[in-house]
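Biologist: Hi! I'm new to this one, could you walk me through it? Just start wherever you like.

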Amino acid sequence: MFVVSKIFWNMVQPLSLVFLLGGLALMLIWMRWLRLAASALFVSLLVLFLTQYTSLGSLLLQSLEARFPRQTADPAELSCMIVLGGAFETEVTTERGGMDLNQAADRFVEALRLAIRYPEARILVSGGDGSLSGAYEGDAAASIRFFEAFGISRDRLIAETTSRNTDENAQNSRELLASSGLGPCLLITSAFHMPRSVGLFRKAGVEVAPWPVDYRTAGNVAFRLDFTQPSLNAQQMSTSVREWVGLFAYRALGRIDEVFPAP
């Protein structure tokens, strides 16, 4: 199922759809089915326009980020936190070592801040190699170097190194939390990723308190034309579509109990 999901996403992400529809249009022209070719080309160009030259991606992302509100104050006490992987450039760290972070770095920056403020709190980092090749170290492995570099003792860290996606994050974390006698825990991940994550942890029977970070929108996005940043618009669209596809797919497969989990 993991491999199928990877292949499926590579096919349905917005720019891949543009390419596939454009290829279909060329094939239909060769077959002289010109009306169908024109329809495929129109849909291809429409997807490309909406992806690169409108704020639709940010608008979809904003709806995900707004689902679980950001907390206004730190918890009175904290015994454990779960940090979901996806913040390290694992291809780079595998080859070069170190702890190179990407756009989701807030997940680990926030976990570090809380770890310093609550010195007794345990930290479970869930994230193995999510690539098809399986050739890279995961976030959990890289995170040990990260936390130890800032003085966080190794005995406070629990590294879940085998999960390849969010569903496996939830399943594998449940087992480690049970064996360590921990819970309930804060769940730290990107705000847009929180609805799917909470749904999966609930289904796995793991009690978590959502702690969203890594916001990608300002929260006041409206639909508009935007010709100034096509590459960013495409990135926002890809991120939002991936989450929404994941929500519908996990609901269809029975991995979560509702399409859009809420507080």
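Modeller: Happy to! Let's begin with proline 14, which has its place in helix α2, residues 14-30. One thing to keep in mind is that this is a predicted model.

Biologist: Good to know. Is proline 14 buried or exposed?

Modeller: Proline 14 counts as buried, with a relative accessibility of 7%. The cut-off for buried is under 20% relative accessible area.

Biologist: And how far apart are proline 14 and valine 241 in space?

Modeller: Their C-alpha atoms are 7.8 Å apart, although 227 residues separate the two in sequence.

Biologist: Nice. Let me jump to cysteines: how many disulfides does the structure hold?

Modeller: There is one disulfide. It joins cysteine 80 to cysteine 185, with 1.9 Å from S to S.

Biologist: Which hand does the link of cysteine 80 and cysteine 185 have?

Modeller: That link is left-handed, with -95° about the S-S bond.

Biologist: What parts does the pair tie together?

Modeller: Cysteine 80 is in strand β1 (residues 80-84) and cysteine 185 is in strand β4 (residues 185-190), so the pair connects parts that lie 105 residues apart in sequence.

Biologist: Are those two cysteines buried or exposed?

Modeller: Cysteine 80 counts as buried at 1% relative accessibility. Cysteine 185 is buried too, with a relative accessible area of 3%.

Biologist: Changing topic: what about pockets? How big is the volume of the largest pocket?

Modeller: The largest pocket has a volume of about 1,600 Å³. It is lined by 50 residues, and the closest to its centre are Lys6, Gly130, Arg164, Arg196 and Arg242.

Biologist: Which helices should I look at around the largest pocket?

Modeller: Look at α1 (2-12), α5 (90-96), α8 (166-180) and α10 (230-252), as each of them supplies at least two residues of the lining. The most comes from α10, with nine residues.

Biologist: OK, aromatics next. How many aromatic pairs are there?

Modeller: A search of the whole structure finds eleven aromatic pairs. One of them is tryptophan 244 with phenylalanine 248, a tilted pair at 6.4 Å centre to centre and 40° between the planes.

Biologist: Where do tryptophan 244 and phenylalanine 248 lie?

Modeller: Both are in helix α10, four residues apart, which is about one turn of the helix. Tryptophan 244 also forms a tilted pair with phenylalanine 260, at 4.9 Å centre to centre and 50° between the planes.

Biologist: And where is phenylalanine 260?

Modeller: Phenylalanine 260 is in the segment after α10, whereas tryptophan 244 is in helix α10, so this pair ties together parts 16 residues apart in sequence.

Biologist: Which residues do ring pairs link into a cluster?

Modeller: That cluster is made of Phe88, Phe108, Phe146, Phe147 and Phe150.

Biologist: Last stop: where does threonine 217 lie?

Modeller: Threonine 217 is in the loop between β5 (208-213) and α10.

Notes
Residues numbered from 1 in each chain as written. Predicted model: local features only at pLDDT ≥ 70, side-chain atom pairs only at ≥ 80, totals over all residues. Heavy atoms only, no water. 1 Å grid on protein atoms, 1.4 Å probe; cavity = no way out; pocket = protein on both sides within 12 Å on 5 of 7 lines; lining within 4 Å. Points joined across faces, edges and corners; volume = space filled by probe spheres on them. Disulfide = S-S within 2.5 Å. Buried < 20%, exposed > 50% of the residue type's maximum accessible area, 1.4 Å probe, protein only. Phe/Tyr/Trp six-rings, centres within 6.5 Å; stacked < 30°, edge-to-face > 60°.
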